[in-house]
Amino acid sequence: MLGHDWQAAGPTDKRSACPGLNALANHGYLPRDGENITAQQLIKAVQDAYNVSAAVSTALTYNALVSCGLLFKKTFDLKEISKHNGVEHDASLTRKDHFFAKYRQIRLNHSKEFNPEVVYGIRQKILSAGEIALLLLVLGGNTDNEIDIGLLETFLKDERVPDGWRKPDKVVGVVELFNSNSEIMKKYDELEKMHAQKGK
């Protein structure tokens, strides 16, 4: 990423629960300290780094700000975006480094087993599907929505854009995100149905 070399977060730098947002700061698309970020900076960073459309970037940004009670703040830091059931939620794919639809049921069961106060309703289900859709469309945008596991681990664990990866040639827009999200939700429903049948 020309002009956006990776630099690990320092001990006082603010980071969120979202590896994608943290990668933006670690690569300098957002302030590297993760502080004093405006909504417009975040929208532009998501567009520039990940080739996500203005409409999707704006929707994602304002959804996060509303969910975390930050809508009327002029600036925010990445840590403030980590409010539970805002960007971060129970059974999130990036918690404990689990990935993709077939593992979502495992994550949900794990969350229910070890967190008696787990919250997992339609909102969390949609957020979880959206995480997968964005990963597939952004990281796998130039490879038929297939992602090398090493590339994915680098992005999620190191919060770094992997060497050799390039942003999608085609802009990730509302239609693409909606269609991908719908397909993932169907897979979730199939898995939930199979899990329910096994439990009988």
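## Cysteines and disulfides

The structure holds 0 disulfides, a disulfide being a pair of cysteine sulfur atoms within 2.5 Å. This is a predicted model, in which local features need pLDDT of at least 70, side-chain atom pairs count only at pLDDT 80 or more, and totals for chains, interfaces and linings use all residues. Residues are numbered from 1 along each chain as its sequence is written, and side-chain values use heavy atoms, with hydrogens and water left out.

Cys18 has 22% relative accessibility and so counts as partly exposed, while Cys68, at 8%, counts as buried. Here buried means under 20% relative accessible area, exposed over 50%, and partly exposed in between (1.4 Å probe, protein chains only).

## An enclosed helix

Next comes helix α1, residues 19-26. Helices are DSSP runs of H or I with at least four residues, numbered from the N terminus. Because 8 of the 8 residues of α1 are buried, this helix is largely enclosed by the rest of the structure. Among them are Pro19, Leu21 and Asn26.

What covers these buried residues? The cover includes α2 (39-50) and α6 (149-158), judged by contact, which means heavy atoms within 4.5 Å. After α1 comes Gly28, with a positive phi near 80°.

## Thr143 in its loop

Where is Thr143? You will find Thr143 in the loop between α5 (122-139) and α6. With 44% relative accessibility, Thr143 counts as partly exposed.

The side chain of Thr143 reaches the backbone oxygen of Glu146 at 2.5 Å. Thr143 and Pro168 lie 25 residues apart in sequence, and their C-alpha atoms are 8.9 Å apart in space.

Note on methods: Helix = DSSP H or I, 4+ residues; strand = E, 2+ residues; numbered from the N terminus. Polar contact = N/O pair within 3.5 Å; in protein donor to acceptor, adjacent residues only side chain to side chain.
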